Protein chains: 2
Amino acid sequence: MSRKVEQGEVTRAALVDAAVALFTEKGYADTSTAEIVRRADVTRGALYHHFADKEELFRAAHEAVEKDIFERVRTAAEKTEGGAVERLKAGVDAFLDSCLEPVVRRVLLTEGPLVLGWERSLTFDNPYCSRRLLRAAVGELRPGEEPEPLAHLLYGALLQAGLVVAADRERRAVMGRSLSDLIDTLFEG
Amino acid sequence: MSRKVEQGEVTRAALVDAAVALFTEKGYADTSTAEIVRRADVTRGALYHHFADKEELFRAAHEAVEKDIFERVRTAAEKTEGGAVERLKAGVDAFLDSCLEPVVRRVLLTEGPLVLGWERSLTFDNPYCSRRLLRAAVGELRPGEEPEPLAHLLYGALLQAGLVVAADRERRAVMGRSLSDLIDTLFEG
DNA sequence: CCTGTACGTACATGCTGCATGTATGTATGG
DNA sequence: CCATACATACATGCAGCATGTACGTACAGG
């Protein structure tokens with residue numbers, strides 16, 4: 001049971017890689033499964049063997065990108081010396097940097113909420129949801145206060161900043177400063 | 001040339017109405033043009049006479065909803081006595097109330113950015129863009145400061161609050177209070 | 001008349017998902 | 001050690017549906 005499943009993993013990974021690349025370039029709706037399998041150098045049969053439908057393939061691609069960002073934000077925050085505010089700022093900076101990459105902006109920020117349903121993006125359930133990190137930070141900085149509402153607002157501001165940055169790299173610095181000021185006002189005032 | 005164009009306007013309006021209703025119920029991708037014309041009681045020929053393609057029909061539906069919200073927010077802010085902070089809060093409240101409606105959450109918040117492109121939602125160019133109102137408020141409350149970055153962040157927080165409210169009406173009050181507190185901290189601290 | 005507008009109809013194309021076929025690897029009984 | 005039974009991975013053709021377009025028709029107005 002080694003040879004077969006090994007090849008299966010290779011094929012599956014090739015499909016996910018091709019899907020991430022094409023969804024980034026052309027979006028979900030404008031990418032056909034035929035195009036994906038051509039890029040992955042497999043057949044449509046292979047795709048529908050590994051994934052129930054096109055949406056499930058997108059889900060796999062989305063999870064791969066999401067996990068990558070989550071790890072980057074988490075390690076950036078963890079390796080930062082200083083208080084909770086500094087760690088929060090470090091995580092925010094790492095997130096904004098990630099938003100400079102087309103794959104993040106397209107797969108994670110733009111198409112994810114639509115294809116998978118926007119309700120999914122509002123929960124804290126997902127294991128690799130960056131929103132969880134934000135809620136933890138707010139809980140630490142505002143002990144005794146329900147952290148979720150403010151975490152939602154901050155995440156919205158962060159996402160919006162990410163979209164602005166993704167649309168125009170020149171604004172990376174401005175938005176980063178504005179976010180930093182916002183955090184200062186909220187947690188050090 | 002009266003009888004004909006008049007009938008044309010009626011047909012066009014029927015198409016937009018049907019499109020708004022169906023896009024709200026089932027989303028853009030899962031709504032076929034056949035379904036739309038059936039609901040509007042016209043033929044697909046009529047649809048493709050008035051609109052270049054399905055996306056242009058969505059654009060018309062989107063604009064109708066957007067204009068409606070814009071007017072509601074603007075009048076809510078204008079008819080409020082008190083300072084700029086109070087008017088801002090009134091506008092925010094009106095926006096959150098609008099988000100309780102499925103048509104707003106679906107057509108405006110969720111599908112709009114994808115179908116029309118998310119860059120469009122980042123500009124202040126659109127005549128009926130609620131973001132403009134927010135930028136004006138920030139400019140008034142923080143004179144001498146470039147208003148756009150903070151306006152972007154606040155709009156992101158507002159959108160996120162709208163999504164939370166749309167997903168769970170019970171949170172309308174909590175998110176409204178959290179936003180109100182945020183505005184107080186930013187502009188009265 | 002005759003021209004432009006508003007619509008109806010038939011069709012060409014492309015895409016998704018499924019159903020069916022095939023080859024290859026693995027486990028097992030004797 | 002071998003044959004048989006079975007599971008897995010993949011290939012291929014097809015049906016259904018959706019979009020957009022080409023063409024035909026009816027009618028209002030100059």
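**Notebook: two chains and their contact**

I laid chain A on chain B and got an RMSD of 0.1 Å, by a turn of 180° and a shift of 0.1 Å along the axis. The same surface serves both: 100% of the contact residues of chain A recur in chain B. Contact here means that the C-beta atoms of two residues, placed from the backbone, lie within 7 Å.

I noted the ground rules next. This is a predicted model, where local features need pLDDT of at least 70, side-chain atom pairs count only at pLDDT 80 or more, and totals for chains, interfaces and linings use all residues. Residues are numbered from 1 along each chain as its sequence is written, and chains are lettered from A and ligands numbered from 1 in the order in which they are written.

**The interface**

I looked up the contact: 29 residues of chain A meet 29 residues of chain B. Which helices of chain A each supply at least two residues to this side? They are α6 (102-116), α8 (147-167) and α9 (172-188). Helices (H or I, at least four residues) and strands (E, at least two) are DSSP runs, numbered from the N terminus. The largest share, 13 residues, comes from α8(A). By class, the side of chain A that touches chain B has 20 nonpolar, seven polar and two charged residues. Ala, Val, Leu, Ile, Met, Phe, Trp, Tyr, Cys and Pro count as nonpolar, Asp, Glu, Lys and Arg as charged, and the others, Gly among them, as polar.

**The α8 pair**

I then turned to α8(A) and α8 (residues 148-167) of chain B. They pack at an angle of about 125°, with their axes 7 Å apart. Axes are lines fitted to C-alpha atoms, for helices over the stretch in contact, and angles run from 0 to 180 degrees between N-to-C directions. α8(A) and α8(B) are therefore oblique to each other. I checked the residues: A:Tyr155, A:Gly156 and A:Leu159 are among those of α8(A) that meet α8(B), whose own residues there include B:Tyr155, B:Gly156 and B:Leu159.

**Annotated stretches**

UniProt, in an unreviewed entry, lists residues 9-69 of chain A as "domain: HTH tetR-type". I found 80% helix and 0% strand there, with the end C-alpha atoms 23 Å apart. The UniProt annotation "DNA-binding region" (unreviewed entry) covers residues 32-51 of chain A. That stretch is 75% helix and 0% strand.

Note on methods:
UniProt positions renumbered as here; feature names shortened; annotations may be inferred. Least-squares fit on C-alpha atoms with pLDDT ≥ 70 in both. Parallel < 35°, antiparallel > 145°, perpendicular 65-115°, else oblique.
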